Amino acid sequence: MPRDAAVDARGLRKTYRSGKTARNAVDGLDLLVEPGEIVGFLGPNGAGKTTTLRMLATLLRPDAGTALVAGLDLGADPAGVRRRIGYVAQGGSTWYEATGREELILQSRLYGYPRAEAAGRAAAAIEAFELTDCADRRCKTYSGGQRRRVDVALGVIHRPQLLFLDEPTTGLDPQSRARMWDEVRRLRAEGMTVLLTTHYLEEADALCDRVAIIDHGRIVADGSPAELKRAISGEVVSVGLNGAAQAAAGLLDGQPYVRRVETGGDRLRLYVDAAAGAVPLILRTLEHAGLQPASVELHRPSLDDVFLAKTGRSLRD
Ligand SMILES: Nc1ncnc2c1ncn2[C@@H]1O[C@H](COP(=O)(O)OP(=O)(O)OP(=O)(O)O)[C@@H](O)[C@H]1O
């Protein structure tokens, strides 16, 4: 294993059992995160993102597999790993009755910093995360974006090398989301490696240097957003069909000018080499069968197309 990887996980597995049923939430997962990267862990609900993060953050013991986390062996030295990482849970961890400043001071004290240094770290975090206006109010009065920034400030108060963020922007409005992206980029610029989970395609595309797509507890694709999209060469023709999508799919699947067909609701997604040549042929085939498209759109492959190509399902469903 390369000693300098921020995360090098091999064959991680976690099985949840209830009664007689067992479910592999994480099922032989390999993941490599290089230092200084922002890596996005992208996948639908229940894909195993949180379980993976919790294992890497020493909060859950893997049933199988090995991992180096921040240069240390997860199984052999979990306490060492904990000192080098930060973890921000999905729901956050602020206590509503406390102020942000109190929370930050308490967190610093929990890491063992003396009182004066704890106050200094809290003050620096309040400035860095632009929380000056609300730091001395109770957390229950904060906006969603402010609360989430306090959560992240709490997660990095000890300056970890590696930060795990579980859905840092879920539920935030677009402005607060963009603000959080700036915070994450700032932490990376300060030398931190960030592994975050998201089910927002836009977030993975805009923020992450690399994206690992997870489905059913396994990585199904891994690369920079641009690489992942390039791997799906050609173009995507999306045809709206008002209730006739299945019939149209049957007609077009197997045609030489269509590489693959995906159906989703009333739409067909047709993967073609070149839309300019394929669209007239597609329209002619539909017309012969008496099918009238409600709309035809062309687009370059998106991360959703990558997800579809790898799993046969849309992340947006
Ligand atoms: N404590 C648990 N006991 C039993 N099953 C669990 C437990 N925690 C998670 N699971 C199941 O394991 C699977 C993976 O869950 P996990 O929370 O890791 O997914 P996720 O990708 O983070 O999903 P989400 O995006 O909804 O947070 C899901 O099917 C979930 O229901």
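Tutor: The protein has 11 helices and 14 strands; helices (H or I, at least four residues) and strands (E, at least two) are DSSP runs, numbered from the N terminus. This is a predicted model, in which local features need pLDDT of at least 70, side-chain atom pairs count only at pLDDT 80 or more, and totals for chains, interfaces and linings use all residues. Residues are numbered from 1 along each chain as its sequence is written.

The pair is α5 (residues 144-155) and α6 (residues 174-189), which pack at an angle of about 20 degrees with their axes 10 Å apart. Axes are lines fitted to C-alpha atoms, for helices over the stretch in contact, and angles run from 0 to 180 degrees between N-to-C directions. α5 is therefore roughly parallel to α6 (angles under 35 degrees count as such). The crossing of α5 past α6 is right-handed, that is, the near helix is turned clockwise from the far one by less than a right angle.

On the α5 side the contact is made by Gly 144, Gly 145, Arg 148, Arg 149 and Val 152, and on the α6 side by Ser 176, Arg 179, Met 180 and Glu 183; residues are in contact if their C-beta atoms, placed from the backbone, lie within 7 Å. By class, the residues of this contact are 2 nonpolar, 3 polar and 4 charged (Ala, Val, Leu, Ile, Met, Phe, Trp, Tyr, Cys and Pro count as nonpolar, Asp, Glu, Lys and Arg as charged, and the others, Gly among them, as polar).

As for the whole protein, its C-alpha trace spans about 80 × 45 × 40 Å along the principal axes.

Terms used:
Angles under 35 degrees count as roughly parallel, over 145 as roughly antiparallel, 65 to 115 as roughly perpendicular and the rest as oblique. Two residues are in contact if their C-beta atoms, placed from the backbone, lie within 7 Å.
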